[in-house]
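Thanks for coming. I will go through one structure today, starting with the overall picture and then moving to particular strands and contacts.

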Amino acid sequence: MITVSVVIPVKDGERYLQELLDALATEGVDETLVIDSGSRDRSLEIARAAGVELIEIAPEDFGHGRTRNLGAEHTSGDLICFLTQDATPCPGWLDAFREAFTLADHIGAAYGPHLPRADTSPMIERELTEFFAGFEADPPRPGTQAVARAAVQHSGDPHFMSNVNACYARSCWEEIRFREVAYSEDQAFGADMLAAGWSKVYHPGAAVLHAHDYGAVEFMRRYFDEYRGLRVSSGHVEPFAPISASREVAAAVAADRRWLAQRDIGGAELAQWTARSAVHHGGRRVFSALGSRSERLPAPLRRRISLEGRDGVEATVISTPTDPAQAVPALPAGKHIAKMLPHDDYEPITRIWREGSAPLLDPVPGMSEREHLRLALVIPPFSRGSGGHNTLFQIFSRLERRGHACSVWLADYHNQMRELWPGVIYHDINEFFAPIKAPVYKGFDEWQGADVAIATGWQTVHPTLALNDCRARAYLVNDHEPEFFSTSTERVIARDTYSHDLHCIAASPWLRDLLIERYGASADAFQLGVDQAVYQPLPVERRTDTVVYYARHTTTRRAVPIGLMALTELHRRMPEVRIVLFGAENPLHAAFPYEHLGVLSPAQLPALYAQATVGLCLSLTNFSLMPKEMLACGLPCVELAGVSAESIFGEHGPLELAPLDPVRIADALERLLTDRVLWEHRSREGVEFVASHTWEHATDEVEAGLRHALREREVTAGVR
Amino acid sequence: MSAADTSTEQQLQAELERLRARMQALELELVEVQTHANSVVAEWQDRVYWLERWHLDLNALMRRPGAAEFRTAVRAVRAVVRAAKKTKRRLQGQ
């Protein structure tokens, strides 16, 4: 049988002490210890007459934490209950506490509600009732009414404990012990035990009659002391916010009035209580805020306000090392921060790193040759104008038209598109990118399996790896995304995406080779297509003095500062040249005059390319679609040499290539502006070259890559 | 290898071919079913676009207190209006 000891610190507690000790005798506790700290009333006499154990200490030796530790040390019960001298246990109190420790494993403490005594003011009565109701289990657990409302609290839950009426497992107390703080040792214990992995229980059946129904002034002084203690134990500072405090006080007074009305109190009595309520709540706000900042008050004033007459400024730990050489700087009390997120931001990544990828289905002979496949495209969040998503859906819409069973899955673990429901995302994809008939799902709750699950960006790889019921996984790689980030978590994760068993289908031979050489990935390549119906030479008179520059400075890989330096150099040499910047919402600060067009729609771009003389578009990583679209419109274009362009166009292709050097880029621009023969040659060559770069061809290459992913599985499993 | 062994081998091969063909048929059927299911879901996503844009869940709306009564009242008003229009048309000899 679990034994129970009860410890009651007492000072001048004769008013309720007899009643309390009688209740304990009725409940049948195994051991009762009274610790008296200098009572001058009949407390000692009552304790002796009741036959309980008694320890007397000097008043100056009393400390809320220290004295309770002393009590625990002098008792032997498996459970140690602490009551204050004015808390009388209600029938069933002890059984409830015993039951609390059986509700879960590793319960370190339990506490119960404080019920109002008959003479308690309505303000206190309402607050006590509502306060403790807030700890009840929701939803109720099975069992009797009291058990149904009992709540087990773990790390992240409120650390509230109250030594007015609390019970501790001796093993937990031995591990944690009460801090030697001047006040709120129970709250500190609650925080410490939860942090140490213990749990606690609120049990409505373990109730005591208790109320601190002080007069208005005493009540405020009491709160001053309470919040001094709370500051020390938890670091909490009650805000001084007159407007919001006034609102809260008004709300509390209104709540008191409703409480009184429910008890049929009206007329003059209601008015009188309303005034008391306003003083009660208003005074408490002021004095709790003052208590939080007591160290700023002069010591005599602190002593005057304190109900206990304390004027010192408490540190977290009262006991200090005696040897100054060993003095350790006191740490501030850690502030408990409750759980704020349902899961970690990078939870899908953690899951893969912890558990590995989900197993793939066994390969079926001939699956890579089957005419129609089940394809699931896993996409990251998007917005209008996303180039990567345009590429994806240009290809995916064509795969769909070829008869593959297609579906789209949004992996949005940062909740960037949480406001958008699937029907809206479906509509936006159709409006922004390409017509699709595939359904769109947010998250993977309705996952149905696929022949190939296709990741499409660094954020989608780990969620794709976690998908079950797939025959193969592929990765449509639009760019070498680690280069998008400086040294950071994103960069590490983006690099990690190439180290898993996904067959990569890269958006250029340069990118394919990089994935194979640097990461040892299995990879194919496809060439970005151009919508030839939109991007073509138009019957518009072409100017001979205009450079158009894709100056999307928000995309850092576009090397916009270098482009601007090159244009500054060009302007110095050829001030008559008209410079047009597009691709960014807001005008950039430049050292040359220019025309700002903002962000243009796909329909407007061909008109711009048709009238311009030279295009400038830089990419520090994989080659983008834009230079191809310029070429398709007969507009010669300057791009960076030595990155990825040569892998598509060759070293002597239709592009005018320049190294990453503003002067050399300006040279290239100047050549195309001044050498008409060269311009004609580049323009004609560009149109001819891009003619074969269609989305249909890109779709062929991607489809071949997807079948390659399936074929690799067949080969690996030996069923081919 | 004896004739019996050869016969067993052939039988196993035939069984394997039969199972592969059956599996292929089932895979094809799965693709067809998935294609059909996808098109139905996509069609509904297209239809509910404005409801989803405005975050309107009609089922949740109709579960609210008074919603059913409101709908009944609208139907009653609509019945009266229709009856009045019908009577008007009759009186006008249409």
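Two residues are in contact here if their C-beta atoms, placed from the backbone, lie within 7 Å. On that basis, residues 24 or more positions apart account for 73% of the contacts in chain A with a separation of 6 or more.

Some bookkeeping. This is a predicted model, in which local features need pLDDT of at least 70, side-chain atom pairs count only at pLDDT 80 or more, and totals for chains, interfaces and linings use all residues. Residues are numbered from 1 along each chain as its sequence is written, while chains are lettered from A and ligands numbered from 1 in the order in which they are written.

Now the two chains. Helices (H or I, at least four residues) and strands (E, at least two) are DSSP runs, numbered from the N terminus. Chain A has 25 helices and 24 strands. Chain B has 4 helices and 0 strands, in the pattern α-α-α-α along the sequence.

For burial, a residue is buried if 20 or more other C-beta atoms lie within 10 Å of its own, exposed if 12 or fewer, and partly exposed in between, again with C-beta atoms placed from the backbone. Of the 720 residues in chain A, 45% are buried. For the 94 residues of chain B, the figure is 4%.

Next, the cores. A nonpolar core is a set of buried Ala, Val, Leu, Ile, Met, Phe, Trp, Tyr and Cys residues joined through C-beta atoms within 7 Å. The largest one has 116 residues, and those touching the most other members are L375(A), L377(A), V452(A), I454(A), A474(A) and L669(A). Which residues does L669(A) contact, leaving aside its neighbours within four places in sequence? They are V547(A), A566(A), L570(A), V614(A), L616(A) and V638(A). A second, separate core has 60 residues, including L79(A), A169(A), A207(A) and L209(A).

On to a sheet in chain A. Two strands pair if DSSP finds at least two bridges between them. The sheet is open, with 8 strands in the order β3-β2-β1-β4-β9-β6-β10-β8 and mixed pairing. β3 (53-56) and β8 of chain A are at the edges with a single partner strand each, so one side of each has no neighbour in the sheet. At the β3(A) end, β2 (residues 31-36) of chain A runs parallel to β3(A) and is joined to it by 4 bridges, with I35(A) and I55(A) as bridge partners.

At the other end is β10 (residues 199-202) of chain A. S199(A) and V201(A) point one way and K200(A) and Y202(A) the other, and all are buried. In general, side chains in a regular strand alternate between the two faces of the sheet. β10(A) pairs with β6 (residues 107-111) of chain A in the parallel sense over 4 bridges, and there I107(A) stands opposite S199(A). With β8 (residues 151-153) of chain A, β10(A) runs antiparallel, joined by 3 bridges, and V152(A) has V201(A) as its bridge partner.

Last, the interface. How many residues of chain A are in contact with chain B? There are 20, against 18 residues of chain B. On the chain A side, β13 (405-410) and α15 (422-432) each supply at least two residues, and α15(A) gives the largest share, 5 residues.
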